[in-house]
Amino acid sequence: MNLFDKHNRFNIANLVTYLNVALGVVAIYFIVKGDFFTAIILAWMAGACDIIDGKLARKYNLSTEYGIQLDSFADFLSFVVMPPFLLFYALKSGMTSSMEELIVGLVFIAYIIAGLRRLIEFNLKVDAGEVAKYFEGVPTPLGAILLWVLYLLFSNSIITSVAVITLLVVIIAWSMNSKLKIPHP
């Protein structure tokens, strides 16, 4: 098995992307167990994988349509599903009614749909191996970072209102599919 063959589904870049997926799944497991610290560490490791896989794919000419789709799936899991899951579980301690939990839950589902839409739109616009100078709309990894910031603000009692955090989540969800220009790193 050649780790530097672009046609190998298990080339070095894709292996790092698979690791990203695994870290996202394990992070969700730790969220359910209530171990937010471990989940966040795993999420940051997934973020590192997202950076490394792209650099490896470009450096060793491993970019393929398969790799792009795999990367988007990993992004969906690690940066679109896991962060709102973490924030929702953290906010549960501040929710006072089942109705509030339902509304917040629906907002987080809307966030996940917005993130999925953003990833699909991105994939439709980009050819294999092509890197744009700017992202249009907030990229999902940046959206995840913003949700982690909200988690920190809530868990450290800087923002104690579930409603304010939820409104900020709505704004972040909107920004992912906006026309904002974000420089590509």
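Is Lys 92 buried, exposed or partly exposed? Lys 92 comes out partly exposed, with a relative accessible area of 36% (buried means under 20%, exposed over 50%, partly exposed in between, using a 1.4 Å probe and protein chains only). Keep in mind that this is a predicted model, where local features need pLDDT of at least 70, side-chain atom pairs count only at pLDDT 80 or more, and totals for chains, interfaces and linings use all residues. Residues are numbered from 1 along each chain as its sequence is written, and side-chain values use heavy atoms, leaving out hydrogens and water.

Lys 92 forms a salt bridge with Glu 101, their closest N and O atoms being 3.5 Å apart; the term asks for a side-chain nitrogen of Lys or Arg within 4 Å of a carboxyl oxygen of Asp or Glu. Glu 101 is partly exposed too, at 31%.

By this rule the count comes to three salt bridges, and Glu 136, Lys 179 and Lys 181 are linked in a network of them. Lys 179 pairs with Glu 136 at 3.2 Å. That pair links distant parts of the chain, 43 residues apart: Lys 179 sits in the loop between H6 and S2, Glu 136 in strand S1. (Helices, H or I, at least four residues, and strands, E, at least two, are DSSP runs numbered from the N terminus.) Lys 181 pairs with Glu 136 at 3.7 Å. Because Lys 181 lies in strand S2 and Glu 136 in strand S1, this pair ties together parts 45 residues apart in sequence.
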